[in-house]
Amino acid sequence: MTLGFSFSLPVMVVVSAIAFVYFCTVFVFIDRWFGLMTSPGIMNAVAFTGVAVMCVLNYVFAIFMDPGRVPSNFLPDIEDSKVPIHEIKRKGGDLRYCQKCSHFKPPRAHHCRVCKICVLRMDHHCTWINNCVGHANYKVFFVFVVYAVIACIYSLVLLVGSLTNDSQNDKQQSADSFRILYVISGLLLVPLSMALSGLLGWHIYLILQNKTTIEYHEGVRATWLQERAGNVYKHPYDLGAYDNLTTVLGSNIICWICPTSRHIGNGLRFRTAYDGLPVASTSK
């Protein structure tokens, strides 16, 4: 299922930044360092173009893929022994029910006030893709960030190499005409590389813990409450680092950096650390 497209200024900003960085990297940095018609120039241009294509492809998927909607006819089966965890409200202990969408919410689902839908395994609403990041499009969002980080760092290396080459060849007059492009590119790439690297590190941490951003913040409160009660809190969906990785990215390591998501299931039930144990409930 895909979403309809509506104009989004943040998306236009991202698209413009990608186009600008690609143009400067290939037609300025690579050309001035190696020359586009040389073997090193062609190799670097092809490699950077490949990274850029994968970055754009995953970005488009992240924008247009439905993040995963809760079926309107979903009903939790509290008597199903195969479902060891049922999330309940903190107040009253009732099963979670969305008043806005008029249906029950399965585990890990949350209502997005921007998209106005309940999203399966919701991570967050991302302004930069004008969409929620949820069960169905989380992997393509993550892979997009991976390629974006690679592209930014790659471009920075080529920028520095191009500047160094210019200074060694003493092409002052030629370098002056491109100075504005170097300055703008540096001012864009340095903070962008830092921000995206931080975002990538954050989501690697979340994947290794099999958490969403929402669950991380809920876990902070749950840990505090459990410690007050003298207990130790354990995230119910933490299966161990490798199993957590394969749950989110798939069992085929080669496909981890590809926009594939056949492995994710329907998003209504997830493996837990308590599978095979008596039924339990968690408060939300």
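Ala, Val, Leu, Ile, Met, Phe, Trp, Tyr, Cys and Pro count here as nonpolar, Asp, Glu, Lys and Arg as charged, and the others, Gly among them, as polar. By these classes, the lining of the largest pocket in this predicted model comprises 24 nonpolar residues, 1 polar residue and no charged ones. The pocket holds about 540 Å³ of space. Of its 25 lining residues, Val 14, Phe 144, Ala 148, Leu 192 and Leu 196 are the closest to the centre. Helices H1 (9-33), H2 (39-64), H3 (138-169) and H5 (179-209), together with strand E6 (124-126), each supply at least two residues of the lining.

Met 12, a member of helix H1, is partly exposed, with a relative accessible area of 30%.

The whole structure contains 3 salt bridges. In one, the closest N and O atoms of Asp 66 and Arg 69 are 2.4 Å apart; Asp 66 is buried at 5% relative accessible area, whereas Arg 69 is partly exposed at 37%. Another pairs Glu 215 with Arg 108, with 2.6 Å between the closest N and O atoms. This pair links distant parts of the chain, 107 residues apart: Glu 215 sits in helix H6 (residues 213-228), and Arg 108 in the loop between strands E3 (103-104) and E4 (110-112). Both Glu 215 and Arg 108 are buried.

Asp 243 and Arg 271 also form a salt bridge, at 3.9 Å between the closest N and O atoms. Asp 243 lies in helix H7 (residues 241-249) and Arg 271 in the loop between H7 and strand E8 (280-283), so the bridge ties together parts 28 residues apart in sequence. Asp 243 is partly exposed, with a relative accessible area of 28%, and Arg 271 is likewise partly exposed, at 46%.

Note on methods: Residues numbered from 1 in each chain as written. Predicted model: local features only at pLDDT ≥ 70, side-chain atom pairs only at ≥ 80, totals over all residues. Heavy atoms only, no water. 1 Å grid on protein atoms, 1.4 Å probe; cavity = no way out; pocket = protein on both sides within 12 Å on 5 of 7 lines; lining within 4 Å. Points joined across faces, edges and corners; volume = space filled by probe spheres on them. Helix = DSSP H or I, 4+ residues; strand = E, 2+ residues; numbered from the N terminus. Buried < 20%, exposed > 50% of the residue type's maximum accessible area, 1.4 Å probe, protein only. Salt bridge = Lys/Arg side-chain N within 4 Å of Asp/Glu carboxyl O.
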